[in-house]
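Okay, thanks for making time, everyone. I've got one structure to walk you through today, so let me put it on the screen.

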Amino acid sequence: YPLPPGPQADLVLGHLRIFPSDNEGIVFHEWAQQYGDVVYVKVPGRSVIILDSVEAATDLMEKRSAIYSDRPVFTVLELVGFLPDLGFLPYGKRFQKHRRMMQSSLTQDACIPWRDAQTVYARQLANNLAGTSSGHESHMSWFTTALIVKVAYGFDIESKEDEYVQLAEKNEFILNNCGTPGGTMVDFFPFCKNCRWLLCLAHQIDPLQVQHFPSWFPGTHYANFARKWRWVIRRLYDMPYERVRQAIDNGDDTPSLVAHHIKKLDAQAEVTEDDIEDVKSIGAVAFAAGAETTASTLMVFLLAMTLHPEHQRRAQAEIDEVVGEDRLPEFEDRKSLPFVECLVQEVLRWHPVVPLGVPHRCMENNIYKGMLIPKGSLVIANAQGMALNENVYDKPTEFNPLRYFSAPEGAEEPFFQAVFGFGRRICPGRHLALASAWIAITTILAACYVSRAIDEDGKEIEVKIEFLNGLTSRPKPFPCRVVARSERKAQLLNSSAAPA
Ligand code: HEM
């Protein structure tokens, strides 16, 4: 069977020279427009399959999930210390154990008890934002960090100087700067640990050996970066776990993801080092995967509202009608706010914050629509490309929540399915994330107005639509201002927000 089509390759380097190092999702989508929704590229030592439609990703990653749920080795992420980490574990027993531990605590029903905390923190967030023309990113990070720390460890964050907030910011920095997962030179050129040759076939390849190469060696930039920041991730594993352990030993019964699993270990006859490391990892992964992604989503919302006062006004009119003047939104209002629901969904589609998902690995040679997907291929679900599919979304680059409405206002376009990934690796935190994003967005819209910032001459400052790219992606810093919509709303926020 032939390989899927793709751009012309060099004889030796394959597609290495044209493999994008920035805006990959857009470049991949351009390739897909030329070659079809399954594109093949080859870089030294690795076949890469790019899926550019929800249909292809569903056919392979969901319907054939038994062979499409593995992960490649993410050398840089392993070097920086994300191991064991559910997101990067290869498909197998330990993956299944972590998946069960994480998923059982984050089902739609299991997330309901967190709604009170989500509501209180969302009000605090709106209160912190009201009256600001800068620092929005750090307010969003505070909100998502405070929530994830509450869910994962049961603690309340006391201030922005709290060590968890500092760790979250460092983690965010690491994820934004460690290169495309599986796509750096360090990943492409695994060095054999025995003979130190590139792509040695005689010995077992252990790409982690690249850490022993001197820092001046070309292509080792990301390995050096990982070495430098490894202590942050180790601290993320150890510090909060030890605190929960101590709290339980002191008789504290506060519920949390980690407390739940520590208590399960306490009931076990025998506990190994690996068991403890698994529990540490569950908390660290929730923290690392949950805070940055949700904060990035809220920054996309803020950008969209700065650019589109018309959609903001409509959402506010809907909220005012349902919620009224004398209270703030609650989760019970959700089903009565269809436009707000579509606005949240459009935020997720307009700029997917994990633009390439997390690559899967195909475990067997496989035939799809007459094309060979070779065993070991890196399989990328290009969420950014799927969001731009003109066969599904009319004028896809436009931010338009009405596209999901039925005629005459919209064309009943489908909600975006690719934002949380596919199959057995689909994001286990999606119910929590969606609820957090919904309550934060609805509360901000209810109580605040977002607009363009004003310069010294009283003119509105232009906003450029630009994004930072890494494993996750968020808008580059942009000017905007947030004000309380009325004295009454400011009072409501003040009286119901928890102290930060
Ligand atoms: C808006 C927020 C979020 C977005 C857009 C998002 C998106 C994603 C995506 C695209 C994947 C890869 C799925 C795949 O491989 O097919 C993923 C995996 C994952 N997410 Fe999320 N996520 C979000 C929030 C969260 C939260 C709040 C948590 C935890 C509480 C979380 C935990 C995880 C974990 C553990 C994985 C790895 C799953 C695995 O490999 O089996 N995420 N997420």
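**A hairpin, a helix and a ligand shell**

Let's start with the hairpin: β1 and β2 form it with 2 residues between them, and G45 in the turn has a positive phi of about 80 degrees. Quick housekeeping before I go on. This is a predicted model, so local features need pLDDT of at least 70 and side-chain atom pairs count only at pLDDT 80 or more, while totals for chains, interfaces and linings use all residues. Numbering runs from 1 along each chain as its sequence is written. Helices (H or I, at least four residues) and strands (E, at least two) are DSSP runs, numbered from the N terminus.

Across the pair, K42 stands opposite S47, and Y40 stands opposite I49. Strand β1 (residues 38-43) is mostly covered, with 5 of its 6 residues buried. By buried I mean 20 or more other C-beta atoms within 10 Å of the residue's own, with C-beta atoms placed from the backbone.

Where does the hairpin sit? It belongs to an open sheet of 4 strands, in the order β1-β2-β6-β3, with mixed pairing. The edge strands are β1 and β3 (360-361), each pairing on one side only. Two strands pair here if DSSP finds at least two bridges between them.

Next, helix α2 (residues 54-62). Its buried residues are V54, A56, A57, L60 and M61. They cover an arc of only 155 degrees around the axis, so they're on the same side of α2. That arc is taken from the directions from the helix axis to the C-beta atoms.

Now the ligand. How many residues surround it? The answer is 29, and the closest are G290, T293, G421, C427 and G429. The cut-off is a C-beta atom, placed from the backbone, within 6 Å. α5 (93-104), α12 (273-307) and α16 (430-447) each supply at least two residues of that shell, and the largest share, 7 residues, comes from α12.

Finally, zooming out. The chain has 17 helices and 10 strands. Its radius of gyration is 23 Å, close to the 23 Å the globule rule gives for 500 residues, so it's as compact as a globular protein of that length. That radius is over C-alpha atoms, and the rule is 2.2 Å times the number of residues to the power 0.38. Of the 500 residues, 47% count as buried.

Terms used: Buried ≥ 20, exposed ≤ 12 C-beta atoms within 10 Å, placed from the backbone.
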